[in-house]
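Here are my notes on the model, as numbered points. Please read them with the coordinates open.

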Amino acid sequence: MTTSPVAEPAAKLDFVTRKPLPPEQLDTLSRDILALKKKLNAVILAHNYQLPEIQDVADFVGDSLGLSQQAAKTSADVIVFCGVHFMAETAKILNPDKIVILPDADAGCSLEASCPAPKLKALQETNPNFYTIAYINCSAEVKALCDVIVTSGNAVKIVNAAPKDRDILFVPDENLGSWVIEQTGRPMTLWKGNCYVHVEWTHASITRIRQQYPDAPLVAHPECTKAVRMLADEVCSTEKMVAYCKASPAKAIIIATESAMIHRLMKECPGKIFIPAPTDSCRCNECRFMKMNTLEKLHDCMLNLAPRIELPKHILERARQPIERMLEISARPVDNAG
Ligand code: SF4
């Protein structure tokens, strides 16, 4: 039996890992945060996977590439980074003289954890011809060992621009890496890491939702496994998802990425219905690390200017090079990227 997607209510965002704030507290906290922002001359950058109430007080909401670009050009004195730890580190690397704070310093990432710098260094030493390309989801120490950084939004362009005489080592996401190999035809050695959220979708769970909503296209993030990507109408970064959904004539669209993305999509594409892709067994489409940041913690970190990102000078300087290379290649016109 099929179900008409247009008969369904808009996706309801009920996040498992938090109790909703009472409306009065939400209003007071949001007002206080905006007042602190003015007082500190701060900019609030929020990733697409942050809680809706955090997205709503941010100056900029986007994917890792957009957030890095914003961090690189900000004139604010304080950068408040609502995302996970490696993202705030990236902002600090680009702004070593600014104060960079984040709501919860323990907000990690399964991809980052899969690739410790000493292990990467040991692998690099097995082949002096390796050209190491790191997905931005890695620590500052790992970035400092790499030639260039990528995000899901620019990985294809940057791999296409890699020197042809080098052997590419791509870390730490094997799923993004295998998708980039499919797009570029460039062989790469892949690190065996993955995003614990995006690997929860399966061929079976996606097939079921597609049968239920046969008219709804499926958009999937490249961190999903190949078994899921092959069922998708579009595989792209979260920022490109916004453009795809705006341009699509479909009234309902199935989204296979972290659940908070739907808040952004509902704001940017009013009138459309977004269906969170289900997993087989659980509400695993919510990143527990991203959801460690709350509006209360955001308020407190601005009040106390802590937790603060601090990095050794040699890491700051070395890690800056591959990030700047990424930003430079990203800004090139497509036919001049190689
Ligand atoms: S969604 Fe996955 S890749 Fe993103 S921060 Fe969470 S664990 Fe890391």
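How many nonpolar, polar and charged residues does the shell around the ligand have?

1. The shell has ten nonpolar, two polar and one charged residues. Nonpolar here covers Ala, Val, Leu, Ile, Met, Phe, Trp, Tyr, Cys and Pro; Asp, Glu, Lys and Arg are charged; the others, Gly among them, are polar. In total, 13 residues surround the ligand, and the closest are C109, S110, C195, V197 and C287. A residue counts as near a molecule or strand if its C-beta atom, placed from the backbone, lies within 6 Å of it.

2. A word on provenance and numbering. This is a predicted model: local features need pLDDT of at least 70 and side-chain atom pairs count only at pLDDT 80 or more, while totals for chains, interfaces and linings use all residues. Residues are numbered from 1 along each chain as its sequence is written. Helices (H or I, at least four residues) and strands (E, at least two) are DSSP runs, numbered from the N terminus.

3. Helix 4 (residues 85-94) packs against helix 15 (residues 313-331) at an angle of about 100°, and their axes are 9 Å apart. Helix 4 is therefore roughly perpendicular to helix 15. On the angle scale, under 35 degrees is roughly parallel, over 145 roughly antiparallel, 65 to 115 roughly perpendicular and the rest oblique. Axes are lines fitted to C-alpha atoms, for helices over the stretch in contact, and angles run from 0 to 180 degrees between N-to-C directions.

4. Which residues make that contact? From helix 4 they are T90, I93 and L94, and from helix 15 they are L316, A319, R320 and I323. Contact requires C-beta atoms, placed from the backbone, within 7 Å. By class, this contact has five nonpolar, one polar and one charged residues.

5. Helix 4 is largely enclosed by the rest of the structure, because ten of its ten residues are buried. Among them are H85, E89 and K92. Buried means that 20 or more other C-beta atoms lie within 10 Å of the residue's own, exposed means 12 or fewer, and partly exposed is in between, with C-beta atoms placed from the backbone.

6. V78 lies in strand 3 (residues 78-82). Is V78 buried or exposed? V78 counts as buried because it has 21 C-beta neighbours inside 10 Å. Leaving out residues up to four places away in sequence, V78 touches L40, N41, A42, K98, I99 and I101. E286 is 208 residues from V78 in sequence and 28 Å from it in space, C-alpha to C-alpha.

7. Strands pair if DSSP finds at least two bridges between them.

8. Another open sheet has four strands in the order 10-9-11-12, again with parallel pairing. Strand 10 (234-235) and strand 12 (273-276) are at the edges, and each pairs on one side only. Strand 11 (residues 252-256) pairs with strand 12 in the parallel sense over four bridges. I254 stands opposite I275 in strand 12.

9. Where are the cis peptide bonds to check? One joins V171 and P172, with omega about -15°; P172 is in the loop between strand 7 and helix 9. The bond from A306 to P307 is also cis, with omega near 0°, and P307 is in the loop between helix 14 (295-304) and helix 15.

10. Positive phi values turn up in residues other than glycine. Phi of N41 is near 50°, and N41 sits in the loop between helix 1 (23-40) and strand 1 (42-47). N41 is exposed, with 10 other C-beta atoms within 10 Å. L305 also has phi near 50° and lies in the loop between helix 14 and helix 15. L305 is partly exposed, with 14 other C-beta atoms within 10 Å.

Key: Two residues are in contact if their C-beta atoms, placed from the backbone, lie within 7 Å.
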